[in-house]
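Have the sequence and the 3D view open as you read.

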Amino acid sequence: MADAPPALLERLGTAVDPLVPKWSWPAESTIRRLLARIDVDAPDRAVGAWFADRQTRGQGLRGLAIDGWSILRVLYSRSSMGN
């Protein structure tokens with residue numbers, strides 16, 4: 001989190017400490033609770049639905065392998081742009 005852009009830090013609920021001009025970080029327990037609530041199957045369902053929408057009748061099965069780093073780069077670039 002130390003190198004995350006300020007816009008992302010704000011969206012995650014961090015704040016600038018008024019006494020010391022540095023970002024305050026969430027506690028480890030907060031991060032653990034957040035990660036425990038994440039639906040890890042949601043991205044898989046979303047990508048699968050997206051592919052299903054684009055497949056026309058008569059086409060065979062198609063697939064695309066996406067590694068985690070590719071997804072993180074897209075998410076990081078979107079958060080940097082303020083989306």
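Which side chain does Arg32 meet in a salt bridge? The partner is Glu28, at 2.7 Å from N to O. A salt bridge here means a side-chain nitrogen of Lys or Arg within 4 Å of a carboxyl oxygen of Asp or Glu. Side chains of opposite charge can pair when their charged atoms come close. Arg32 and Glu28 sit four residues apart in helix α2 (residues 28-37), so about one helical turn separates them. Arg32 is exposed, at 56% relative accessibility, and Glu28 is exposed too, at 52%. On this scale, buried is under 20% relative accessible area, exposed is over 50%, and partly exposed lies in between (1.4 Å probe, protein chains only).

Before going further, a word on what you're looking at: this is a predicted model, where local features need a pLDDT of at least 70 and side-chain atom pairs count only at pLDDT 80 or more, while totals for chains, interfaces and linings use all residues. Residues are numbered from 1 along each chain as its sequence is written, and side-chain values use heavy atoms, leaving out hydrogens and water.

How confident is the predictor? Its per-residue score, pLDDT, runs from 0 to 100. The protein chain averages 76, and 81% of the residues score at least 70.

Searching the whole structure turns up two salt bridges. Besides Arg32 with Glu28, there is Arg45 with Asp39, at 2.5 Å from N to O. Asp39 is partly exposed, with a relative accessible area of 38%.

Now zoom out to the overall layout. The chain has four helices and two strands, and reading along the sequence gives α-β-β-α-α-α. These elements are DSSP runs numbered from the N terminus: helices are H or I with at least four residues, strands are E with at least two. Of the 83 residues, 6% count as buried. The chain exposes about 7400 Å², and carbon and sulfur atoms supply 60% of that; accessible areas come from the Shrake-Rupley method with a 1.4 Å probe, and for residues only the protein chains shown count as cover.

On that surface, Val47, Ile66, Trp69, Ile71, Leu72 and Leu75 form a nonpolar patch with about 600 Å² of accessible area together. Patch members have over 30% relative accessible area and no salt bridge; nonpolar side chains (Val, Leu, Ile, Met, Phe, Trp, Tyr) are joined within 5 Å, like charges within 9 Å. Helix α4 (residues 68-80) gives the most, with four residues. Ile66 lies in the loop between α3 (42-54) and α4, and it is partly exposed at 43% relative accessibility.

Staying in helix α4, find Ser77, partly exposed at 33%. Ser77 and Pro5 are 72 residues apart in sequence, yet their C-alpha atoms are 9.8 Å apart in space.

Methods: pLDDT = per-residue confidence, 0-100.
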